[in-house]
Amino acid sequence: MADTSIVERIKKLLALATSSNENESTAAAEKASLLLAQYNLSLADLGPNHQEEIDENSVETTSKFVTWKMMLLSGIADANGCTAMRNTYNGSMFLVGTSTNLIVCKHLYEYLSSAIEKRAKYRKGNGRGLAYLNAFRVGCATRLRQRLLEQKQEMEESGIPGSGDVAATPGIVVRSMFEKNQQAIADYLDGRGAKVKTRSGSQVSSAAGFYSGYEVGDKISLHKQVQPQGDMKQLNGCL
């Protein structure tokens, strides 16, 4: 079983992740993300009887399909062993995965979607209409999704470095964890008789807005690999 001290650290960090202080909340959620990855991997390595149950959690409800939001959510989900979906009947955007990974994904989505909206709001006016701003959000989400998947690929190839009292995890174990999670999610959806349809990408109406958002998405901090506790970087310089 996992070291109880690590579990307690995760619980404390997740409690801090609800803080109204954006810097503190984000840093805590992402530190918990790193520890949860290590914790989940150690459980997965013990065999299927030790794996967490698959569950689902609603993230947001929209009246119509919002390209940039689903693009961002799917990138976060893929990078953290979950699957992102949207119910076409009630408009619910939701995640499917283990309970711990669901928590991490939801925190990251709240942080990154808020970061995109703040930057879009900052660019309102000066002849920039809805087409520009919507394209800006899509461009920003596109680049963030790419970076998240690049980090996942790096973890699968090189593993996860050790941090403090948490041992490093080899790449082969990381790949095994993602494979087991995806199979468990597929079994869960099949058991519920879910009909899954993949939606193709949508075109944007403003190339200038898209490329501006893409550049900004390259600067927003993901904080997937964070400093040891007590030496966490603060979010700054990203506006």
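This text walks through the chain from its overall plan to single residues.

The model is predicted, so local features need a pLDDT of at least 70 and side-chain atom pairs count only at pLDDT 80 or more, while totals for chains, interfaces and linings use all residues. Residues are numbered from 1 along each chain as its sequence is written, and side-chain values use heavy atoms, with hydrogens and water left out.

Start with the plan. The chain has seven helices and three strands. Both are DSSP runs, numbered from the N terminus: helices are H or I with at least four residues, and strands are E with at least two. Along the sequence the pattern reads α-α-β-α-β-β-α-α-α-α.

How confident is the predictor? Its confidence in each residue is the pLDDT, from 0 to 100. The chain averages 80, and 76% of the residues score at least 70. A contact here means heavy atoms within 4.5 Å.

Now take the chain as a whole. Of its 239 residues, 49% are buried. Buried means under 20% relative accessible area, exposed means over 50%, and partly exposed lies in between (1.4 Å probe, protein chains only). The accessible surface comes to about 12800 Å², and 49% of that surface belongs to carbon and sulfur atoms. These areas come from the Shrake-Rupley method with a 1.4 Å probe; for residues, only the protein chains shown count as cover. Among contacts with a separation of 6 or more, 71% join residues 24 or more positions apart.

Next, the strands. Two strands pair if DSSP finds at least two bridges between them. β1 and β3 run antiparallel and are joined by seven bridges. One of the partners is M93 in β3, which bridges to E60. Strand β2 (residues 83–86) also pairs with β3 in the antiparallel sense, over four bridges. There T83 has V96 in β3 as its bridge partner. β2 and β3 form a hairpin with five residues between them. In its turn, G91 has a positive phi of about 80°.

Is β3 enclosed or open? Seven of the seven residues of β3 (residues 92–98) are buried, so this strand is largely enclosed by the rest of the structure.

What lies inside? A nonpolar core is a set of buried Ala, Val, Leu, Ile, Met, Phe, Trp, Tyr and Cys residues joined through side-chain atoms within 4.5 Å. In soluble globular proteins, nonpolar side chains tend to be buried together. The largest core has 35 residues; L72, L73, I76, L95, L112, L144 and I220 touch the most other members. The elements that give it two or more residues are α3, β3, α4 (99–122), α5 (130–158) and α7 (207–217). The largest share, 10 residues, comes from α4. L95 touches, among others, V59, L73, A77 and L102, not counting residues up to four places away in sequence. A second, separate core of seven residues includes M85, F94, Y188 and L189.

Finish with some single residues. T61 sits in strand β1. At 52% relative accessibility, T61 counts as exposed. T61 and M93 are 32 residues apart in sequence, but their C-alpha atoms are 5.7 Å apart in space. Leaving aside neighbours within four places in sequence, T61 is in contact with N90, G91 and S92.

T62 lies in the loop between β1 (54–61) and α3 (67–79). Is T62 buried or exposed? T62 has a relative accessible area of 10%, so T62 is buried. Its side chain reaches the backbone oxygen of K64 at 2.8 Å. T62 touches K69, R86, G91 and M93, not counting residues up to four places away in sequence.

N101 is found in helix α4. N101 counts as buried because its relative accessibility is 8%. Its side chain makes a polar contact with the side chain of T98, at 3.2 Å. A polar contact is a pair of N or O atoms within 3.5 Å; within protein, one must be able to donate a hydrogen and the other to accept it, and residues adjacent in sequence count only if both atoms are side-chain atoms.

K219 is in the segment after α7. With a relative accessible area of 61%, K219 is exposed. The C-alpha atoms of K219 and R143 are separated by 9.5 Å, although these residues are 76 apart along the chain.

Methods:
pLDDT is the predictor's confidence in each residue, from 0 to 100.
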